[in-house]
Amino acid sequence: MIETHEFSKFVRQPLFMSSREENVLCELCPNNCVIKSGHFGSCGVRGNKGGKGIIPFYGFISALAIDPIEKKPLYHFKPRTKILSLGFAGCNLHCPFCQNWHISQNTDISGKWMQPGEIISAALKQDTPSIAYTYSEPLVHIEYVLDCMVLARKHGIANVLVTNGCIKPEAAAEILKLTDAANVDLKTFSQETYKKTLNGDLQTVMDFIALCHKTGVHVEVTTLVVPDLNDSNGELSKAADFIASVSKEIPWHLTAYHPDYRWNAPPTDKDFLLNAAKEAEKKLTFVHTGNIGFMPL
Ligand code: SF4
Ligand code: SF4
């Protein structure tokens with residue numbers, strides 16, 4: 001039932017939600033949730049109150065920090081600059097290895113309410129040339145992200161999305177008009193794993209990556225290499241083929257996993273990761289490994 005954060009201080013009409021008698025249909029992502037009155041959709045943040053779509057988390061910020069842009073990770077967009085990074089609550093995917101599960105899979109969390117203008121003021125004050133919408137999934141808060149992005153553009157600040165890329169084409173087209181750079185997770189190259197284990201959709205993510213490239217958004221792709229989930233060489237090889245089919249110049253980050261949330265497999269083997277990167281370099285110009293410092297030597 002809707003209780004937590006029911007009273008956002010800010011009012012905003014939801015996008016991609018429509019009433020169906022007492023239910024609400026949300027068509028933002030491929031989940032296409034039919035939400036009963038008094039409940040939220042699968043992301044936990046888009047709800048139905050009295051037969052009307054509501055976004056009571058509009059303006060709820062779970063984390064605000066200044067990061068090096070390389071931490072997003074983005075290695076080929078405004079390198080060696082700082083970026084104002086904001087996080088939200090909830091996610092439309094439910095990855096059992098989520099490293100931000102405390103904010104992505106739980107909405108009863110502490111944070112603060114900030115209008116888009118306050119975010120832009122913070123970026124101007126800190127003199128960061130970009131803002132990242134990141135940490136949990138920003139796109140389930142598309143209304144807020146769009147509002148921030150419009151203001152950021154007006155002030156010459158670049159917009160960076162760090163996303164699972166799992167939103168439908170109409171919403172993707174809207175957000176990418178205002179996006180300068182994106183890091184998109186390509187979590188696995190198996191539709192079955194996307195569907196059964198993550199609650200996502202491979203084709204939607206592939207389309208999102210391709211659309212980023214087509215619309216001139218600087219795009220980098222990240223794959224967290226998770227043992228027993230996506231680490232078969234065949235799968236990583238197919239993922240590299242797909243990225244290369246969009247553009248060989250798209251940077252691919254292969255990052256090491258460590259046990260978190262509900263996934264207990266041992267951390268990614270360092271040699272395996274380095275070897276996977278070496279193989280990928282045969283197909284792509286820029287392949288980067290990450291989180292390698294966390295690995296047992
Ligand atoms: S954004 Fe949320 S409510 Fe909308 S379809 Fe996706 S999971 Fe469901
Ligand atoms: S998409 Fe990202 S934030 Fe969402 S559950 Fe998966 S790892 Fe966590």
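How many bridges join β1 to strand β2? There are 4, and the two strands, β2 covering residues 23-26, run antiparallel. The model is predicted, so to speak of local features requires pLDDT of at least 70 and side-chain atom pairs count only at pLDDT 80 or more, while totals for chains, interfaces and linings use all residues. Residues are numbered from 1 along each chain as its sequence is written, and chains are lettered from A and ligands numbered from 1 in the order in which they are written.

**Sheet**
- An open, antiparallel sheet is built from 3 strands in the order β1-β2-β3, where strands are DSSP E runs of at least two residues, numbered from the N terminus, and pair if DSSP finds at least two bridges between them.
- β1 (17-20) and β3 (34-35) are the edge strands, each pairing on one side only.
- M17 stands opposite C26 in β2.

**Helix pair**
- The axes of α2 (residues 116-126) and α3 (residues 142-154), lines fitted to C-alpha atoms over the stretch in contact, come within 9 Å and cross at roughly 45 degrees.
- The two helices, DSSP H or I runs of at least four residues, are therefore oblique to each other, a class left over once angles under 35, over 145 and from 65 to 115 degrees are set aside.

**Ligand surroundings**
- Around ligand 1, the residues with a C-beta atom, placed from the backbone, within 6 Å include C26, C29, C33, C43 and R46.
- The residues around ligand 2 include C91, H94, C95, C98 and E137.

Conventions
Axes are lines fitted to C-alpha atoms, for helices over the stretch in contact, and angles run from 0 to 180 degrees between N-to-C directions.
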